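These are my notebook entries on a structure that I am reading for the first time. I set down what I looked up, entry by entry.

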Amino acid sequence: MTQVVQEQKKSSETNEDARIGVYVCHCGLNIAGTVNCPEVAEFAAALPNVVLAKDHRYMCSDQGQELLKHDIRENKLTRVVVASCSPRLHEPTFRQACEEAGLNKYLFEMANIREHCSWVHLYEKEEATEKAKDLVRMAVAKAALLQPERENEVQIIRKALVIGGGVAGIQVALDLADTGYKVYLVEREPSIGGRMAQLDKTFPTMDCSICILAPKMSDVGRHPNIELLTNSEVQEVKGYIGNFKVKVLKKPRYVTDDCSACGDCAPACPITAPNEFDSGLATRHAIYTPFAQAVPSTYIIDRSLCLNKENIIVCDKCIKACERKTIDFDMKAEALELDVGTIIVATGADVYDPTSLVNYGYTKFPNVITSLEFERLINAGGPSAGHLLRPFDLRIPKSVAFVQCVGSRSERGRLYCSNVCCMNTIKDALLIKEHWPETEIYVYYVDIRAYGKGFEDLYKRARKEDVHFIRGLPSEIWEDRKTHHLWLTGENTLLKEVYKTNVEMVILSVGLEPRVDSEAVQRLLTLSKTPDGFFMEAHPKLRPVDAPTGGIFLAGCAESPKDIKDSVTQASAAAARASILMAKGKVTVEAITSELIPDACTGCQMCVKVCPFNAISFIKESKKVDLVEAACSGCGTCSAECPFNAINMRHFTDDQIFAQIDAATEVDADKKIVAFCCNWCAYAGADFAGVSRMQYPTNVRIIRTMCSGRVAPKFVERAFARGAASVLVAGCHFGDCHYINANYQTQKRIERLWKKMEKLGLNKERLQLSWINASEGEKLASKIKEMQSIVANVNLEEIEASKRMLEKA
Amino acid sequence: MEGEMVHPYERFLRRGMIPHIWCEGCGNGIILNCFAQALDELNVDLDKIVVVSGIGCIGRISGYTNTDSFHTTHGRPIAFATGVKLANPELKVVVISGDGDLFAIGGNHFIHAARRNIDIQVICANNFIYGMTGGQYGPTTPLDAWTTMTPYGNIENAFNLVHLAAACGAVYVARWTALHVRRLTESIKKALQKEGFSFIEVVSQCPEIFGRYNKMETSLKMIQWFKQASLVQHSLDPAKAEITPDKIVVGEFVDIEKPSYGRLLREMTTKAKEK
Amino acid sequence: MVLMPARTWRKPLDADKIKPPKGEVHIIMNRCKGCGYCIEFCPRNVLDTSEELNERGVHPPKVIDENRCTICGFCAVICPDFAVFTTEKHCKEGC
Amino acid sequence: MLTTTEKSKLALSGQHFMNGDIACAEGAIAAGCRFFAGYPITPATEIAERMARRMPEIGGICIQMEDEIASMAAVIGASYAGAKAMTATSGPGFSLMQENIGLAIMTETPCVIVNIMRGGPSTGQPTMPGQQDVMQARWGTHGDYEIIALAPSSVQEMFDLTVEAFNLSETYRVPVFVLADEIVGHMWERVTIPETESIHVANRKKPTAPQREDYAPFQPDRDLVPPMAIFGQGYRFHATGLTHDEHGHPKTDSSEAQTQLVQRLCNKIRKNREKIIRVENVMLEDAEVAVVAYGIAARAALSAVRKARASGVKAGLIRLVTLWPFPDDQIAKVVDHVKAFVVPEMNCGQMVREVERAAKGTPVAFLSKLGEEPHRPSEILDAIGGVLRK
């Protein structure tokens, strides 16, 4: 460990009381493998206000933190900069260290030289090192201007909302309720139970799915702490961690709770339709209960099928059939308002619909079924009373073929592995063998993934029972017109030979995919998605069940395809995470809010118009605005909008950001891209690019703001005035904005700037605007690449011109 | 589809009286139909039920029900029914009559029978007009409506019948349109099983007269109006149960328990006998 | 959770066992006054106006698709003239 | 079922001192009346009040309706439900009742209407006597018809004739009027109420038809009176104020039906007039002057006739007990030996026209009296003298 201590050289532009310590982290070889850390430390030491600069193997390690604390005490450091990974990962760690050493945590700043540097410039060591220096220079510049802040505490309502009543939702609800918290479990369907209720047996233990689920379901129904809201949908979520206001629409069942589920009504109902629960293989009536063990057991009327429209009762068969007089066609939907402290998203997944894979002939050939249809067929409580009947002639097939990865791991479906299909097929194959040992079973696969506890044994058993596993999916399936048997052809990639097999039934082992309406849920809760479309966790390793938004957690297949065991595990984890918050009863929220400077305010009310949280209002008497900091979420768009610098954005002040810009453009400005990235999407996207080692040019300097709405035109102008070749402003997609709609202001401002640049005769191309979400690292990388041509094309005259024109601004 | 088959409600209809005299699409036929269905479903002893009606189109209904029945003078069915019910409490006495009969000429009898809580069921076919006399305005004719007596539009305010009935102390008050046949039947059943004075208003279409005068020339147009305008609001304050061109509030507004006049009379009589 | 794609294409295995009741519509031609309520409000569009005139000179309803009738019986209760009613068809072959 | 003590309350057999209204009420009860509906009006109110006390004792019903229209309607309803029913009123109320009296006539409803006559027209003199409603009783409601009206002239008769009124109405299915005047109504006298057994009570004819299908509610027997079924017996019949056939089905467009029905309604009274009519003749056999009187006037007439005889004048009295149908024959019978008739009435001349019609040219002297004071015997005596002097 080299150490460079430099005698503090006073200079005019330095901040008197700023005594900054800089620590450059090697992160093993993650950084040091590319960036010359000692050199960076040396460079840092020479920066204004820096009283000491060190490099260290692992700053996040205990020694690292101890070192930091020690120095703060010994050298009376008043500011600390750590150059290592993303603040989104370790800022909390170092902030805590500072606090422990008696330094206000807002006097800490981070330079992201891993995700934004070493990992994305693996092969350009010098440039990466230079960039690292710049990043540190920027951090130090900002650090010098940091102010201590006081965080205020918010109470946490000790109630939780669980969205989705599948096995994950059920587990979360029970765990939280047992812990003693009030839980609202919102389920869109008439009954809880979800996918698991549809399954026959579970792998690898082969126990009956509903048998183990039903008791949990009824526990939910009975639990004094759980308010079960089935046939209900979340319509609006407002508020913030610990204090969510949730609007739930409880749709009418048209059957009152007095229903004893005697079932007299259903046979009386003249309208029938395929039962969704049985994958359409069994019939239900317009008045029905989805399945025997449904919770609540109360029947429900499907008004879309029922003959009775509007308020005219045309058919009263069910009314007549119901002895307890529980049918009420006048039931109205209820709009409920819930106050909860935490929200757990357990909305589950959809099953891939293979119809589009025409070569497999699903919906064309009756005897080609999906694995979910199979579950209902083999289930004793199912439409065929457990007899595996092929749909065409209701005969028990003598031979069946399973086709794996249907809709998974393929350009023609979903790119990812759906995780459960292999084991599910093995389980199904064994079930068939158990009932009809003579059946010939072929499994066409790409890889068999039997990674879990007890999985391999099950796989072995299947092989022992001589289930034929053939590597290589069929290229086509077609039907024999006479027998309605099916032909499969493809290549056995192990034997390198073409197969042509004839079986009596084919089971397509379909994958899982995000809910069709996951978009809606995402908007509702301002969640992020990973490229596969499932909801993104706050950190893939360290915060796997937290959503990026405080107070919201993920459980089950909503986060990614997983089997029952994993869903339950994750559910309990989510419950634990939520409990921690609620047990504390309060949480401190970042002091990053805006503050009004009344003397500067002219009462123009520009800020009032742009504040997404109505935190600012105009006071007639004073002819000035009033800013309620408690209501402020800290996007900073007001500050960006204010023409009179009357609103100061804490921890992201104009001066601090100007300082970062100046630092970023101190050397070779004309080769550089200054990028403003919002904390939640674009900056996270850049992190994601780093984690995924997506390479892109080194000439970009990213400045983090909480929201792209914080980016004031003057920042962009300053960058150009400082001679930057190009500027990128990047934020969340519309609708994803963590501050409701602040990014619409970004759009407006950039458009204004483009107009201005045109007026001034500047090439507006040099200013780029891009919407990049947390999972779009690829998009960010390619954006930077694409901008290279812009950088290349700006000549010095142009840069000088813009300097001249924009300096005054 | 062979026509010879006997209509299931034939047994509730007086032999030789059907087809009735009412016009095509008239709501009265539907009310008769619902009444028959209610008797069928409750399986009432037809020998123990008396249907009393007044004057007007619907007044003929007592002639069509296969029960003891009486077609009284204009406005007097409730007073007559009071006599019947008191003289023989075993009998179920149902008054079915029109808005003019029950609330104009007969208004006095209605309010007092309701006040006394006489144990009878009153079903009012409200067609907003005097149909049989050719379309004069009545106590329920909406403001501005055209009738032969209001050639410049009606300037009288209409009664809100359910509000009136509730205010007078009826123990059961409901309003349906002639399109809400199932609910009407249910209400009739409820009323028949209830002790005390119950009132059911049936907003009923008179296409021939009211409809033609007021831009609803066909029975279908009138009943479509019911479909579009009707709004079910159970237990709403009957004062708010309005009937306007675009809103007909229907539902059950009152359903309370209160000793009937008959019960109190019997109690008083026993006391008197002991003396 | 949406349990299956909204589009259901498969014929339920028990489709032959659980059959909606089949109705038989009876029209008493000469009672009909032609209001058309039964035709208008039949939830299954079983009825339509016939071309022929009855004794009263109106067009009574005619059955256009009896198989759709579920015997909800609304035609019977909405008919002001007791001219139409339904009964359950007792299934012989082919229904 | 009534207990013996309750039975004993039915007819208060024995000697009583009561007024005409009370006697009327007791007569009704003795005749089997179990339903009274009325509306307060002087001078008939005491009847209602008596009923209010007595009916509950004997398991009958007494209700005060919202007006006389309702009272009359309720009475008809009660009668169809099988009860013997009555209402009592005076002029103004009697006018209101005319509508449903017509209904009672048309639907052949047995019922009794008591009118304690007071001074009219309109509100007139509520506490003063009158005999001004006798023609209204005959022609008060619209259309053609025959009714029966009785005129008691003593408190005892208030009892007796009320019983009689019920018997007639039950027998002929027709509303029967008891036309008393304020004096008879309010006068206190001794009344003898006979033993229950010895009070003759007639009841309406019951249908003989074995079952509903054979029963036609308005199919008359030979006496032109149809047997009467009552509600709840299973006959499920229909009655209407419209012109109807023997089944009670409306017949609004057949003149034949109209003729048949209205003729019969009249004839069932006309053809039975002998059985119905009652007059009291005093010293009439050789009378040269016959005083024809009813109600309170008949009392003065009787003493006038006695006084005349005492002074040797051959005077006699025809007291009309039945006003309607009018006893033409009883008048006609005496014209051969009677030189003149004297008719005292507390009106401006109503029954006198009937007497003139029946007298076939024999001179008729009319004595009118209005207001508080009834005729004095001397006035009638002078009149007798007057007609003889001519």
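Predicted model: local features only at pLDDT ≥ 70, side-chain atom pairs only at ≥ 80, totals over all residues.

**Entry 1: chain C against chain A**

I looked up the contact of two chains and found 21 residues of chain C in contact with 31 residues of chain A, where contact is counted if the C-beta atoms of two residues, placed from the backbone, lie within 7 Å.

Residues are numbered from 1 along each chain as its sequence is written, while chains are lettered from A and ligands numbered from 1 in the order in which they are written.

**Entry 2: chain B against chain D**

How many residues does each chain give to the contact of chain B with chain D? I found 36 residues from chain B and 38 residues from chain D. The largest share of the chain B side, 8 residues, comes from H3(B). By class, that side of chain B has 14 nonpolar, 15 polar and 7 charged residues.

The axes are lines fitted to C-alpha atoms, for helices over the stretch in contact, and angles run from 0 to 180 degrees between N-to-C directions.

Among the residues of H3(B) that meet H4(D) I listed B:Phe80 and B:Leu86, and among those of H4(D), D:Ile69 and D:Tyr80. The residues of this contact divide into 14 nonpolar, 3 polar and no charged.

**Entry 3: two helices within chain B**

I turned to helix H1 (residues 27–42) and helix H7 (residues 181–193) of chain B, whose axes come within 9 Å and cross at roughly 55°. H1(B) and H7(B) are therefore oblique to each other. The contact includes B:Ile30 and B:Phe35 of H1(B), and B:Leu184 and B:Ile188 of H7(B). I counted its residues by class as 9 nonpolar, 2 polar and 2 charged.

**Entry 4: the domains of chain D**

Chain D is divided into domain 1 (4–198) and domain 2 (280–389), with bounds from an automatic or database domain assignment. Their centres, taken over C-alpha atoms, are separated by 27 Å. I found 23 residues of domain 1 in contact with 22 residues of domain 2. H6(D) gives the largest share of the domain 1 side, 4 residues. That side divides into 14 nonpolar, 6 polar and 3 charged residues.

**Entry 5: one residue of chain A**

Is A:Leu542 buried or exposed? With 10 C-beta neighbours inside 10 Å, A:Leu542 counts as exposed; a residue is buried if 20 or more other C-beta atoms lie within 10 Å of its own, exposed if 12 or fewer, and partly exposed in between, with C-beta atoms placed from the backbone. A:Leu542 lies in the loop between helix H14 (518–525) and strand E30 (552–554) of chain A.

Conventions
Nonpolar A, V, L, I, M, F, W, Y, C, P; charged D, E, K, R; others polar. Parallel < 35°, antiparallel > 145°, perpendicular 65-115°, else oblique.
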